[in-house]
Structures are given as structure tokens and as C-alpha cells.
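Here are my notes on the model you sent over.

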Amino acid sequence: MAEKDVDVVVVGAGFAGMYLLHELRKQGFSSRVLEAGDDVGGTWYWNRYPGARCDIATTDYQYTWDPELLDEWQWSEKHAAQPEILRYAQYVAKKHDLYSGIDFEVRVDKAAWDDSAKKWTIHTSTGETITCRHYVMATGCLSVPKDPDIPGTDRFKGNVYVTGRWPHEGVDFTGQRVAVIGTGSSAIQSMPHIASQAKQLVVFQRTPNFSMPAFNGPQPPDRVARLKADRIAYQNEARMSPTGVPMEMATVSALAVSREEAFAMLEKSWRKGELLQIGATFTDVGINRAANEVVCDFMRSKIHEVVKDPETAETLSPRGHAYGTKRPCMDTNYFEVFNMPHVRLVDIRKKPITSITETGIDFDGESIEFDSIVYATGFDAMTGAIVNVDITGKNGLTLKKKWENGPLTYLGLTTVGFPNFYMITGPGSPSVLSNMMVSIEQHVEWIRDALVDMRDKGFETIEPTAAAEEDWRVHCTDCADITLFQDTNSWYMGANVPGKPRVLLPYIGGVGRYRRICTEAMQRGFLGFELQGNGKQQLNPGPVRLMQPDVEMMLDVMATLELPPIEAMSPAEARGFMDASATMRAPGPDVGEIVDGTFPGADGDLEYRVYRPASAGPHPVVVYYHGGGWVLGSHTSDDPLCRDLCKRADVMIISVNYRHAPEARFPAAVDDAWAALQWVAKNASVLGGKPDQIAVAGWSAGGNLAAVVAQMARDNGGPKLKGQLLLTPVTDGSRQSASYIENGEGYVLTKNVMEWFWNHYASAEDRKSVKASPLLAPSLANLPPAMIVTGQFDPLRDEGNAYAHALADAGVPVKRLQARGHIHTSITMVDMLPSGQSVRAHMASGLREFFAGE
Ligand SMILES: Cc1cc2nc3c(=O)[nH]c(=O)nc-3n(C[C@H](O)[C@H](O)[C@H](O)COP(=O)(O)OP(=O)(O)OC[C@H]3O[C@@H](n4cnc5c(N)ncnc54)[C@H](O)[C@@H]3O)c2cc1C
């Protein structure tokens with residue numbers, strides 16, 4: 001007799017539900033696993049269409065939690081076919097006695113949270129009611145086939161097949177007239193098999209897809225060798241990788257090599273026959289449209305090589321979406337199908353289907369009769385199976401209602417208002433953008449550990465906080481915003497289901513990064529969660545500190561380079577190192593004109609560089625002071641940033657040099673900065689600027705100089721400045737704020753580097769001068785309007801913010817922008833880190849506002 005009240009109810013007995021059952025038993029939790037199908041395997045139970053295959057190599061698409069399986073189970077191919085994967089699932093279920101813990105042919109229809117009992121009540125299709133403390137949806141991301149939105153589907157009297165619900169006994173199309181509707185992964189895999197049997201095959205395509213040959217065969221020897229040599233290391237690498245498969249990280253932009261070189265590199269990736277390799281050939285395929293287009297061109301050239309009829313080849317060539325923004329496919333002889341005389345391709349964007357009829361399909365004035373129609377029309381991905389169950393949380397809130405504008409989750413695992421409710425590979429987690437085996441195992445283990453921890457500490461409920469959920473939403477959006485996904489109507493975006501909110505469903509920040517975040521959340525006392533039970537409460541709202549994904553990626557790459565610390569170098573060595581690094585950066589946008597010259601500094605001539613916009617002048621003028629801790633840099637060292645601000649704000653930027661420490665210590669840089677401002681004020685018209693519209697700007701130490709000269713201009717009767725734009729400025733060298741402790745290590749500008757800068761620049765006594773520490777000025781009243789930008793992960797964050805607050809307190813109009821997830825240096829990395837774009841756009845509009853109305 002099955003238990004009616006258990007610790008955990010799990011819905012679904014695919015790979016996720018199976019592993020969870022195993023772990024729950026191991027930890028002594030009572031459980032019920034409820035599965036709609038009549039066997040284990042989930043995806044690989046339902047998707048029995050001919051050619052169904054996993055696109056991830058079998059070295060990587062297998063469980064890691066039972067190491068014995070590695071020797072016990074020998075995969076016959078690199079990419080396993082559905083029957084073999086299903087046999088594997090059955091083998092594991094038998095080996096670990098999982099069948100005894102699963103109720104088959106039971107569908108969960110309804111689940112409701114009972115807040116007084118602190119339990120879930122689950123209603124099933126068999127009329128059973130089960131109560132449980134914890135409720136887990138292991139219902140799969142691609143388990144609900146999408147209904148085809150074509151008129152007349154119920155009229156057809158012939159055979160109808162849906163790839164995601166294929167008959168278990170198989171289908172023989174020999175001698176038949178067959179229509180296949182859809183050209184996604186399932187269609188691409190099944191088409192060669194259907195074409196080889198059918199008398200006539202008509203393929204109705206709405207959107208062509210990128211597909212590459214799987215080059216299937218034995219398991220890849222290099223991967224097998226690495227796995228066998230050190231299983232733990234290989235699997236850890238997979239877990240910490242961007243996609244859940246160990247792969248070499250790309251190091252070069254697709255735009256940094258010639259087209260021939262790019263194609264040669266892509267050819268090498270292509271030959272590997274691995275799903276994720278093409279997209280990983282270059283650093284910027286996912287974020288830069290031009291770089292992506294190189295890959296698209298390569299992929300299209302491959303289609304044209306195979307398909308003999310150029311018009312058909314063109315119809316099969318994707319043109320409207322970036323590579324990777326729709327699920328790329330792997331095939332065996334897919335494009336070859338279209339060289340067969342009995343196969344016809346219909347582009348339904350040009351020739352729409354008007355109706356399915358009793359005998360066939362009407363489209364664009366034609367009627368074709370068929371014996372069978374195969375719908376390969378995809379899935380209601382990621383949320384479909386979850387909201388298919390009528391789930392009610394606290395205060396009568398249903399999940400469907402909560403998610404009506406898009407799924408809201410914390411970590412893709414939990415959602416506010418639904419205590420003790422968990423999703424495996426849910427929306428907001430890497431899920432379908434990863435090797436799902438890695439993601440499934442990670443989620444199962446996180447849920448297991450959470451349950452064990454709660455039991456050990458006597459807590460009954462866990463629920464994310466609203467703040468944490470909101471932080472996660474913002475972070476997911478930040479991640480999505482820098483990619484090309486948003487521009488494509490894909491099932492990743494929910495765009496294939498009419499009425500479904502358009503939002504990138506999976507988390508795009510990467511498997512390894514995501515794992516680190518989830519682990520940190522648990523290790524730091526369930527960060528972002530509230531736990532309750534037995535009269536106790538533990539609330540740990542955060543903050544959840546999330547870095548911009550591209551910034552974190554850059555830090556990861558820098559970590560692998562093992563760069564020497566700046567503070568261990570002499571100033572000359574550090575300058576050489578900075579110059580060498582500058583040669584590798586992107587140049588920044590074109591501006592109207594760039595002119596170099598010299599101006600009289602406080603102790604001799606110094607260089608400047610003028611950036612003029614392309615529009616007709618005269619322009620407002622911004623005197624810009626470069627960063628570099630008063631030790632490094634020059635009037636050209638922030639070139640990309642100056643170009644970017646010039647172009648975005650339509651202002652003239654004059655980047656001026658100043659003498660550097662330790663050769664010229666404090667106050668030499670201030671004296672030069674002040675001389676530069678006076679000189680520009682006098683010569684603005686000659687330079688093509690508006691003499692009565694001058695502002696100052698600077699980054700880091702340059703921000704310090706800009707703030708100081710703004711005070712000097714106030715105190716010395718001019719020039720009258722329109723504004724001061726301070727990007728991550730140094731404002732107080734007399735003490736170290738909390739952000740020095742929080743962000744003192746690991747974010748490029750470290751506490752030690754900052755000390756090295758200060759020591760070269762100014763003595764402890766000098767640092768107390770207002771010309772070194774503008775925050776210490778007795779009054780900040782009557783200074784020009786300011787815009788102050790600080791980075792969340794910057795040691796200088798707090799002193800930048802303190803200056804903004806002090807200015808505001810003194811009655812100065814201040815705009816303050818804390819750049820979420822940014823470090824001290826990342827905002828200036830024009831064309832390299834897309835997440836800095838919006839910050840610089842704000843800076844540019846700040847500059848425009850300084851000069852507005854003039
Ligand atoms: C055709 C296809 C190809 C794929 N190829 C790859 C690939 O190459 N690489 C990769 O990583 N992933 C791939 N996937 C994703 C695949 O879904 C996962 O790899 C993995 O199998 C998911 O396991 P799961 O246990 O999370 O979900 P599933 O395997 O989907 O299992 C979920 C189970 O929950 C059951 N269920 C759902 N709702 C209910 C309910 N209300 N009541 C009772 N039972 C319910 C379903 O019947 C199903 O058996 C593919 C998916 C498909 C459809």
C-alpha cells in the first residue's frame with residue numbers, strides 16, 4: 001500500500017526524477033515518484049521517432065553519480081540513439097531498484113500548499129490525494145509537445161504522428177505519401193529515415209535551421225581517454241564549464257582574423273561533429289552580430305555545398321536569425337534528403353498552409369493528398385509541463401497567474417509564494433542551454449542538500465525572498481541583454497507558443513558560473529531564502545552579489561593567464577605591461593576627427609588628443625583626465641572610451657596628459673590638470689568648441705583630478721564648468737572604506753594595487769590635502785552638476801558614492817549610477833564587454849544634460 005503522506009513527492013521519472021529518487025532514499029526521506037508514462041526515461045521514453053538521438057556525446061551525456069556505470073555500460077556510439085538511451089535509463093532503474101519507488105501511468109493534475117499544515121496536497125489522475133512536505137517538479141523542459149497552430153488539424157482522416165509522442169511499435173512509411181510539418185531538431189533527425197521509406201515526402205518549412213553533420217561513429221577517443229585517465233577531473237571540468245561539456249575556451253574574436261582563417265577554424269570545429277563546438281570557435285559568436293554572421297556564412301556555405309538545387313539550398317539556408325539563437329541541430333544526411341527526386345520542400349513563409357483537409361494539405365492554391373502527416377512542431381518548452389499542473393501556493397496564488405508575464409524564479413529552482421516547491425532545470429537555470437545531464441545532477445544534489453540541511457536544523461519550510469527573486473530576474477535579464485537571443489523568435493524565448501510571454505527562459509550566464517552561485521547561496525546560510533519551522537526562523541535576504549556575465553568571463557580568462565601583480569612591478573615595467581595590454585583591446589568607434597597636439601602644462605609642454613564628433617561644430621567641450629593611478633597611462637590610454645563618449649554624447653573630448661608619479665609626485669598631476677583646464681578654456685573656440693560650454697570628466701585617478709579641478713575652478717573664479725563626470729573616481733586617500741575590504745581582491749584593481757598607486761603619488765600627509773582627496777573639502781557647495789558612476793565590485797565604490805552623497809548634501813545636482821555587476825575597469829572596455837554599453841549610454845546622456853538647453 002503506497003504511502004499517502006510522504007516527505008517528498010516528485011513528478012516525473014526521467015533522468016531527473018530517477019536520480020532524485022535515489023538520493024532521497026539514500027538520505028532516508030520517504031517519497032512518491034509519479035510518472036505519466038509507463039516506464040522510466042522521460043524524453044527518451046516518449047520521443048521514439050526514427051532517428052531520435054542525443055546531440056551531446058555519450059562521454060558527456062550520462063550519469064556521473066554512479067561511477068560503476070562508466071565500466072558497466074558501454075555506449076555503442078558517439079551520439080546514442082533513443083533506444084540505447086532508454087535501455088540505459090531502464091538499466092539504471094533496475095540496478096538501483098528505482099522501479100519500486102515510481103508510480104507509472106499516474107498524472108499529477110493539481111497541487112496546493114496548505115499553509116496551516118505546511119504541506120502540499122497533490123491530486124492525481126487516478127483520483128489519489130497525497131500529502132507531502134516538499135514537492136519537486138522533475139517534469140522535463142521539453143516534455144509537452146506544442147499543438148500545431150494550423151487550421152483543420154482535426155479533419156485529416158489519414159495517419160497523424162507527433163514526433164514527441166511517437167507510437168511505441170514504430171511506423172513504416174513504405175510506399176506512403178508523407179507530409180512533415182516543421183524543420184526543428186526532431187524533423188531534421190527523422191527526415192532521412194522517413195524519406196528513405198516514403199514514396200513521396202513533402203516538407204513544410206517555416207524557419208530554416210542551422211544543422212551540422214554529427215559524424216556519428218564510435219565514442220570520440222580523445223574524450224574517452226581523458227575521461228578514463230581522470231574521471232573526477234573530467235567531470236569537474238564539465239560542471240564548471242559554460243555548457244556542461246569540457247571544451248577549449250575560445251580566445252579570439254571572429255572579427256580579429258581574416259575570413260579565410262575564420263572559415264579554416266570553423267572547418268576544424270565542424271569536423272569534430274560536436275554540437276557546441278562551432279559556437280565556441282570564437283569569443284563573440286553569442287554577443288556580436290557581425291562575428292555571428294561569419295559563422296552563419298560558413299554554415300550556409302555548407303548547405304549550398306550539399307544541396308544541388310541552388311534555390312532549394314537557399315530556402316534551407318537560415319537568414320533571419322543569428323547562429324545559436326535557435327537550437328542548432330545535428331544530423332545525419334539531412335540536407336542530402338533534398339537531393340532526392342521524391343522529396344519536395346515548401347517554404348510556408350512564402351506559401352502558407354491554408355488548411356489541413358480530410359485528405360491532405362491545402363497551401364497557396366495547391367492541394368496535396370497524403371497518407372500520413374508528421375507534426376514535428378516542437379514543445380511548449382521549460383514552463384509547459386510546470387504550468388500544466390494546477391499549482392496553488394500561499395494565499396491562493398496560482399503559479400499560472402504568477403507567471404502570466406513570464407516565469408519568475410530564484411535560481412531557476414524555487415519561486416516566491418510557493419514554499420517547499422522546487423523545479424529541476426526550471427526557467428532561470430542553464431537547463432536547455434547546457435548538457436542537461438550535468439544540470440539535472442546539480443539541481444538534484446542542491447535540492448537533496450537543502451532538504452538534509454533543513455531536517456538537520458529542524459526547519460520545515462524554505463521559500464526565496466522577493467528581493468532575491470528580483471535580483472535573479474535582473475541578473476538573468478542582464479545576461480540575456482548582452483546576447484543575440486532577444487532578436488530571434490525561438491522557443492528559448494517562448495515565441496513558438498501563441499500568447500506565451502516573450503522572455504529568454506534559460507539562464508545564459510553559463511553552467512559553471514551558475515553552479516558557483518547556487519553553491520554560494522547554500523553555503524552562505526541559504527542566501528536569498530527564508531527558512532521556518534519549530535518556532536525558528538532564518539532569514540538571509542542577501543545581498544546576492546552577481547557580476548555581469550561578460551565581466552566574470554573576462555576575470556576567468558585573466559585568471560588562467562596568471563598575470564603578474566602590478567604592485568610587484570616597477571613603474572616602468574607596469575607601464576610597459578599596460579602598453580602591451582592596450583594593443584589587444586578593441587579600438588572603439590570611429591569619430592569625426594582625431595587631432596593630437598601639445599599644450600603648456602604647469603612645468604613644460606604636455607600632449608593632448610582632441611576627439612571631434614562627425615556632426616557640424618562648434619561642440620560642447622569635455623576636458624578628460626585619463627585613469628592609471630597617477631602612475632600609468634597618457635592622453636591616448638583611454639582612447640576607446642573617449643571615442644565612445646564623443647560619439648554617444650556628440651561632444652568634443654579633449655584628453656589631456658599630465659605628469660606621472662613617482663617621477664613627479666603630488667601635486668604635479670593636479671597642477672597639470674588645472675593648467676590643461678585653463679588652456680582649454682582659453683582656446684576652446686580655436687579647437688572648434690563652445691567656450692562657454694565646458695565640463696570635466698575623468699576615470700579613476702583621472703576622476704580624482706576632474707573633481708579636484710572642478711573645486712579649483714569654483715575657488716579661483718572660473719572657468720565656469722557645466723558639469724563633472726566622474727567614473728569610478730578616487731575621492732579620499734585618507735582612509736579605506738568598506739568596499740576596500742569587500743572588493744579588495746580579485747577584481748583587477750586590488751587594494752594592494754591601489755596602495756601601490758597612492759604610495760607612488762602622495763605621502764600620507766599629502767593624502768589629507770583636498771587636492772588629493774576632494775571628499776575632504778570643507779564645502780562642496782556651488783560645484784557644477786555631477787554625474788558619478790561607481791562599480792559594484794570596485795574597491796573605490798564607497799568613496800565614489802560618498803562624494804556623490806556629499807555633493808548632494810551640499811545642494812549640488814548629482815546623478816549617481818552604481819553600475820551593477822561591474823568592476824573598476826570594466827565600464828571602459830568598449831566593444832569588448834557589452835554589459836558596459838548601457839552604463840556608457842547613461843554617462844553620455846549625463847554629459848548631454850550638462851549642456852542641455854544651451
Ligand atoms: C528530442 C529531444 C532531444 C534532446 N536532445 C538532448 C541533447 O542532445 N542533449 C541534452 O542535454 N538534452 C537533450 N534533450 C533534453 C532532455 O529532455 C534532457 O536531456 C533530459 O532527458 C530531461 O530529463 P528530465 O528527467 O528532466 O525530463 P524528461 O525526460 O522530460 O522527463 C519528465 C517526465 O515527467 C513526466 N511528467 C511531466 N508532467 C507530468 C505530470 N503532470 N504528471 C506526471 N508525470 C509528468 C513526463 O511524462 C516525463 O516522463 C532532448 C530532448 C528532446 C525532446
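1. A word on terms before we start: when I say two residues are in contact, I mean they have heavy atoms within 4.5 Å of each other. Setting aside neighbours within four places in sequence, Ser-317 is in contact with Pro-208, Arg-300, Ile-303 and His-304. Ser-317 sits in the loop between α10 (310-315) and β11 (329-331), and with 2% relative accessibility it counts as buried. Do keep in mind that this is a predicted model.

2. Now the overall build. The protein chain has 24 helices and 29 strands. Its radius of gyration is 31 Å, close to the 29 Å from the globule rule for 854 residues, so the chain is as compact as a globular protein of that length. Along the principal axes, the C-alpha atoms fill a box of roughly 90 × 70 × 55 Å.

3. How much of the chain is buried? The figure is 59% of the 854 residues. The accessible surface comes to about 32,900 Å², and carbon and sulfur atoms hold 51% of that. Among contacts with a separation of 6 or more, 74% are between residues 24 or more positions apart.

4. On charge, I get 83 positive and 104 negative side chains. The centres of those two sets lie 2 Å apart.

5. In soluble globular proteins, nonpolar side chains tend to be buried together. Here the largest nonpolar core has 97 residues, and Phe-15, Tyr-63 and Leu-411 have the most contacts inside it. Helix α13 (residues 436-457) gives the most to this core, with 10 residues. Apart from that core lies another, of 64 residues, including Ile-566, Val-621, Trp-674 and Val-680.

6. Tyr-63 deserves a click. Leaving out neighbours within four places in sequence, Tyr-63 is in contact with Gly-14, Phe-15, Met-18, Tyr-19, Leu-69, Tyr-88, Val-92, Met-437 and Glu-441.

7. Is helix α18 (residues 639-649) largely enclosed or open? Nine of its 11 residues are buried, so α18 is largely enclosed by the rest of the structure.

8. Ala-198 is in the loop between α5 (185-197) and β9 (200-205), and its relative accessible area is 8%, so it is buried. Not counting residues up to four places away in sequence, Ala-198 touches Phe-173, Gln-176, Val-178 and His-342. Asp-380 is in the loop between β16 (372-375) and α11 (384-387). At 18% relative accessibility, Asp-380 counts as buried, the cut-off being under 20%. Again leaving aside neighbours within four places, Asp-380 is in contact with Cys-141, Val-144, Pro-145, Lys-146, Val-497 and Lys-500.

9. Pro-221 and Val-610 are 389 residues apart in sequence, and their C-alpha atoms are 57 Å apart in space. Ala-198 and Val-444 are 246 residues apart along the chain, with 43 Å between their C-alpha atoms.

10. Some backbone details to check by eye. The peptide bond from Phe-666 to Pro-667 is cis, with omega near 10°; Pro-667 is in the loop between β25 and α19 (668-687). A cis peptide bond also joins Gly-718 and Pro-719, where omega is about 0°; Pro-719 is in the loop between α20 (701-715) and β27.

11. Lastly, positive phi values outside glycine. Glu-105 has phi near 55°, is in the loop between β3 (102-103) and β4 (108-114), and is exposed at 56% relative accessible area. Trp-630 has a positive phi of about 60° and is in the loop between β24 and α18. Is Trp-630 buried or exposed? With 0% relative accessibility, Trp-630 counts as buried.

Methods. Residues are numbered from 1 along each chain as its sequence is written. This is a predicted model: local features need pLDDT of at least 70, side-chain atom pairs count only at pLDDT 80 or more; totals for chains, interfaces and linings use all residues. Side-chain values use heavy atoms; hydrogens and water are left out. Helices (H or I, at least four residues) and strands (E, at least two) are DSSP runs, numbered from the N terminus. The radius of gyration is taken over C-alpha atoms; the globule rule is 2.2 Å times the number of residues to the power 0.38. Buried means under 20% relative accessible area, exposed over 50%, partly exposed in between (1.4 Å probe, protein chains only). Accessible areas come from the Shrake-Rupley method with a 1.4 Å probe; for residues, only the protein chains shown count as cover. Lys and Arg count as positive and Asp and Glu as negative; His and the chain ends are not counted. The place of a charge is taken as NZ of Lys, CZ of Arg, CG of Asp or CD of Glu. A nonpolar core is a set of buried Ala, Val, Leu, Ile, Met, Phe, Trp, Tyr and Cys residues joined through side-chain atoms within 4.5 Å.
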